[in-house]
Amino acid sequence: PVISKPPSYPDKNLLDDDNDLLNSFSITDKIGKEDNLMANSSELNFLNEIPDPKDELLDPALVGDTDAAYDLISNVLENGLEKLDLSNRKLGDEFFKSLIDSIVEFADGDPLALTEINFSNNEIGDEGCQTICEFLITEKDTAVKNLTSVNLSRNKMKDRSVDILMVLCSENNQLSTLDLRGNEFKSKLAMNKLRAVEGKQVLL
C-alpha cells in the first residue's frame, strides 16, 4: 500500500521558542564553586546520568512541511527501516492523528520493522499524546510489535497526558525507553508516578 497524504493543515507559528530542559539548570554558574556543587550534587548527578535533549537547529525548509514528512514516512515504511525520525518539524496534533491512521492502514495487521520513533519538538499536545499512546497500546502486538523506543520530548504535553502515558507503560511490554523531557508537566505527583514506572526508562 502507498501512504496517502491528507489535506494540508494551516501553518504553525514557526517562531515559537523551544522549551529546552537545559534552561532549568545553571551549570556554568556552578563551575568552580565547590560549595554550590555540593549543594546541588543531585542536579549534577541527574544530568550526568541522563543526557539532555540535543539543541538541534530547526530546518526552515522542513518545519510544518507535511508533504516532506509523508515522503519520509513512505520511505521508512516501504523499505522496512527501523527508525522513524520526524523530530524538529513542529507538525502539530492534527498531523500525527492522520499519521497514525496511515501507519495502521499500511501495516494492515502485520508487524512493522520499526524499533524507534522520534516525534520530538513537534508541538504535540494532550490530544496528540492521547492518539499516539492509544496507537502504541492497541497495535502493540501488530504494527508496533518491534518498537522499543519512543521520543516525545520537547512537546506541549501537560499533566492531563500523564494517565494515558501510565497506561502505555503498563500495557506495552516491549517499550523500554520513553523520552518525555522538555514537556509542560507541572504536577510533582504526576511526574513521580512516571518516575516510579518499573521495567522502563522514563526520561523527564
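Reader: How many salt bridges does the structure hold?
Author: There are 8 salt bridges, and do keep in mind that this is a predicted model.

Reader: Thanks! Which residue does Glu 116 form a salt bridge with?
Author: Its partner is Lys 83, and the closest N and O atoms are 3.8 Å apart. The pair links distant parts of the chain, with Glu 116 in strand β2 (residues 116-118) and Lys 83 in strand β1 (residues 83-85), 33 residues apart.

Reader: And how does Glu 116 count by relative accessibility, buried or exposed, or in between?
Author: In between: Glu 116 counts as partly exposed because its relative accessibility is 29%. Lys 83 is also partly exposed, at 42%.

Reader: Switching topic, what does Lys 140 pair with?
Author: Lys 140 forms a salt bridge with Asp 141, where the closest N and O atoms lie 3.3 Å apart.

Reader: Is Lys 140 buried or exposed?
Author: Lys 140 counts as buried, since its relative accessibility is 19% and the cut-off for buried is under 20%.

Reader: Nice. What about Asp 163, which residue does it form a salt bridge with?
Author: That one is Lys 193, with 3.6 Å between the closest N and O atoms. Lys 193 is partly exposed, with a relative accessible area of 34%.

Reader: Last one: which residues do salt bridges that share partners join into one network?
Author: Those are Glu 94, Lys 97 and Glu 127.

Notes
Residues numbered from 1 in each chain as written. Predicted model: local features only at pLDDT ≥ 70, side-chain atom pairs only at ≥ 80, totals over all residues. Heavy atoms only, no water. Salt bridge = Lys/Arg side-chain N within 4 Å of Asp/Glu carboxyl O. Helix = DSSP H or I, 4+ residues; strand = E, 2+ residues; numbered from the N terminus. Buried < 20%, exposed > 50% of the residue type's maximum accessible area, 1.4 Å probe, protein only.
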